[in-house]
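This briefing goes through the aromatic pairs, the sheets and hairpins, and the nonpolar cores of one protein model. Please keep the sequence and the structure in view while reading.

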Amino acid sequence: MSSSEKVIETVIATEAQDAVAGFLRDTSLFLGPDPAIMEHHGLEPRTAFEAQCLERERDPTRLETVRERLLAGVNESFEMLESMGAAPGAKWGDCVSAIFTASGDLSLASTGGVVIFCNLVQYPIKFINKYWAQDPTVGIRPGDAFIVNDARYGQAHNTDQSMMLPIFHDGQLIAWAGATVHEGENGAVEPGGMPSAAEQIWDEGLKMSPFKVAENYRLRRDLVTFLQNSMREPKLQYADMKVKLFVCRRVEQRVREAIAEYGVEAIVAALRSNLEDTEAEVRRRLQEWPDGTVRHAWWTDGTLRENALIKINLELQKRGDELTFDYRGSSPEFTNRSNNSLDITVKGMLAQLFLTFIWPDLPRNQGVLAPMKFVFDNPSILKPAFGTPNAQSMMSVFTAWSVAQVATMKFLYGVPVKYTRIMAPWFNMINTFLFGGLTQHGEMVGNVCADINGMGGGALADRDGQHSCAPIFATMADLGEQEFMEEEMPFVQLVSKKLMRDNQGFGKQRGGSGYQMILAMRDSPAFGFMLTAIGAKFPNIPGLFGGYGCPTYPLARIRGVDVFEILERDPGRFRYSMEELMNERPFEGAQYSTHPMFIRYQLARRGELYMIAQGAGGGFGDPLERDPRSVVRDLEEGLISADVAWRIYRVKYDPATFVVDEQATAEARESLRRERIAQSLPFHEFTKQWTKPGPSSAVPYYGSWQDRSMVYAGSPDRYHPAGQVNPPVIVPNPLEVRIAELERDLAQLQAARG
């Protein structure tokens, strides 16, 4: 065969391959999340244009100037998002804006806001680049905007919505602008966007894969109307789509201004070098950590439908300049419960951990995760199958975050050079109310209260934790103003932002306390609440190095009362704390009860009380080493009771003057230490008494016991290899379980009566 014939044959073969590839692309029945995209959390390879720009722009001072210029624009756009957004999540900082490279890598996130949001937006951008850029029916052009909310394509959960706008220069795509808001309402089976009742993905509301929603900077009203028609708050949906589009346009404007001043090559080089420099610095810092392995496990206490012990297992390995997060041995996935978390959500939350709690001085971009590896059982609660619900992923991903925080802090403890303080676990659960129904203005709503952001801070090695400071996912978020909420919603927080006594993680340094919330509905014919938090029976976080974890948190209710009538007739009967209301029971004839902090959406009656507390951060160190004066200060401020001052801290003081009796305190503490030693056992004796061969049958248990390659699936007789799909974990409907119990009781009564 001649050389020309070989060339012709090669051309024909290439054309045939292209034709087959085009045929397969054009005839695909469904474009689900691309595994090649979703499994890769590292940086995309340098493009030829990025290499060219980096070659020409070598001055690090100039690149830093450009980076700060772009970051200023991103921060400006974030402030716009907070100020203009309609959703409660936008108003109190559960949002973010960012700039991505042309390939989709997150390069610059706003200083305020939620890092996990923009860290996950890389995935839908890469999907758009791969599937829509060359599609003749879609394409990517200046002025286009795309939207996404389906967590499986790259969001934290379906209640978040992201808008992405491509940025062009001279016809070339050079970057992306992005804006994300926790919108709340999304048309799910329960109002507020986080349905604990979801048993299948179709119960979770909108499932927006990445699609074009605007052209030439104008929203398509046909698509906007479709989305509005799919949820309970059409006004909110339209308003925030406009806001996110304006925010992305402001980012685009600031990028164009920077190009005019510095040139496009400087902009592209700054975005790329920001990522590569962050990865290089992370690798350098990891070299300072000792090589080794740290293991930690924790359990959640329910699925939001029933009580259970659900294990999140972590083995953290550090070798050279890499970290490996090995979550094998965690609970199997729940086929018909929404407490599963996607693996990308775990990765995104760990970016938040490193950029906020470990290396807060680093630029907020995805380069921080590039030197890290992740291992999961597939499927499992942290890597579920495509068709498994995940609307309440916080129930598992927040615990995955906390076990990682404990493990990394143990590594950091022995590192000579630290870039932050060692810290006990931050509180990690969404102790707040979701609401929905008709407002006093006749509008249908469904969303979440800002108290989700009031999580207590963990104790540090050298000082106490902060009270109800910020959520683990947005350290600069706001708690919201109750007065503003009351203008729009038909309920009142009769007690708001009042710290609850004894609500702290005890220790040498104590964790930050959490405040209590007491609310009641009024002025609506149809309005209700739901709660979607765990931790009523098993604490959500531990302490560190001998410190106590947080308490457990139930929901308390008082029914059969109209508190507004009582406040009008006899306000002196009201008590301004959950502790007093539940213990003193001042309302005769009312029904007082406590429940797990997960209840399905239910209509509320006017004046009935719902009472919960925000969580406390973990304590650091042995409580017997706490400065007695600090204990008495907490006692004077009402943060702890006299019982805790003695039982936990062993402090003696004068009740009239709050003066510490130093000698009596020292003697009491020494006596307790001797009691501890007398009760102690050698480690092998302790483990012989403490370790059991398997979980009890009294409580449903999910996850590994000793061998992480084997997991339990609810009972001792359901024990199988981790990652095994069959038999699936299908939990019966609690209502059906209760009906069966009542029918059994009724049958027994009928049999007893003949």
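Helices (H or I, at least four residues) and strands (E, at least two) are DSSP runs, numbered from the N terminus, and two strands pair if DSSP finds at least two bridges between them. The model is predicted, so local features need pLDDT of at least 70 and side-chain atom pairs count only at pLDDT 80 or more, whereas totals for chains, interfaces and linings use all residues. Residues are numbered from 1 along each chain as its sequence is written, and side-chain values use heavy atoms, with hydrogens and water left out.

**The open sheet and its helices**

- An open sheet is formed by 7 strands in the order β2-β1-β5-β4-β3-β6-β7, with antiparallel pairing.
- At the edges stand β2 (106-109) and β7 (218-219), each with a single partner strand, so one side of each is left without a neighbour in the sheet.
- Strands β4 (residues 160-169) and β5 (residues 172-182) pair in the antiparallel sense over 10 bridges, and L165 stands opposite A177 in β5.
- Helix α8 (residues 221-228) packs on the sheet and touches β6 (211-215) and β7, its direction making about 130 degrees with that of β6; contact here means heavy atoms within 4.5 Å, while axes are lines fitted to C-alpha atoms, for helices over the stretch in contact, and angles run from 0 to 180 degrees between N-to-C directions.
- Helix α9 (residues 234-262) lies across β1 (95-101), β3 (145-148), β4, β5, β6 and β7, and runs at about 30 degrees to β4.

- Strand β1 is mostly covered, with 7 of its 7 residues buried, where buried means under 20% relative accessible area, exposed over 50% and partly exposed in between (1.4 Å probe, protein chains only).
- In a regular strand the side chains alternate between the two faces of the sheet.
- From β1, C95, S97, I99 and T101 point one way and V96, A98 and F100 the other way, and all are buried.
- Strand β1 pairs with β5 in the antiparallel sense over 7 bridges, and the bridge partner of A98 in β5 is G178.
- On β2, which runs antiparallel to β1 and is joined to it by 3 bridges, L108 is the residue opposite I99.
- The hairpin of β1 and β2 has 4 residues between the strands, and in this hairpin G104 takes a positive phi near 110 degrees.

- Strands β21 (residues 701-703) and β22 (residues 710-713) pair in the antiparallel sense over 2 bridges, a hairpin of 6 residues joins them, and G703 stands opposite Y712 in β22.
- Strand β22 is joined by 3 bridges to the antiparallel strand β23 (residues 719-721), in which H720 is the bridge partner of V711.
- With 5 residues between the strands, the hairpin of β22 and β23 includes G714, which takes a positive phi near 115 degrees.

**Aromatic pairs and charges over rings**

- The structure holds 36 aromatic pairs, counted for rings of Phe, Tyr and Trp (its six-membered ring) with centres within 6.5 Å, where planes under 30 degrees apart count as stacked, over 60 as edge-to-face and the rest as tilted.
- The ring centres of F491 and F527 are 6.0 Å apart and their planes stand at 35 degrees, so this pair is tilted; the pair links distant parts of the chain, with F491 in strand β14 (residues 491-499) and F527 in strand β16 (residues 527-532), 36 residues apart.
- F491 is buried at a relative accessible area of 1%, and F527 is buried, also with 1%.
- In the pair of F686 and W690 the ring centres are 5.7 Å apart and the planes stand at 15 degrees, so the pair is stacked; both residues lie in helix α19 (residues 683-690), 4 residues apart, about one turn of the helix.
- F686 counts as partly exposed at 38% relative accessibility, while W690 is exposed, with a relative accessible area of 63%.
- R152 lies over the face of F386, at 3.9 Å from the ring centre, and K242 over the face of Y238, at 4.8 Å; such a charge requires NZ of Lys or CZ of Arg within 6 Å of the ring centre and within 35 degrees of the ring normal.

**Nonpolar cores**

- A nonpolar core is a set of buried Ala, Val, Leu, Ile, Met, Phe, Trp, Tyr and Cys residues joined through side-chain atoms within 4.5 Å.
- The largest nonpolar core has 154 residues, of which W289, F325, Y327, W359, F529, I558 and F587 touch the most other members, and helix α12 (residues 394-413) gives the most to this core, with 13 residues.
- Another core, of 53 residues, lies apart from it, and L81, I174, V213 and Y262 are among its members.
- W289 also belongs to one aromatic cluster with F325, F354, W359, F374 and F411.
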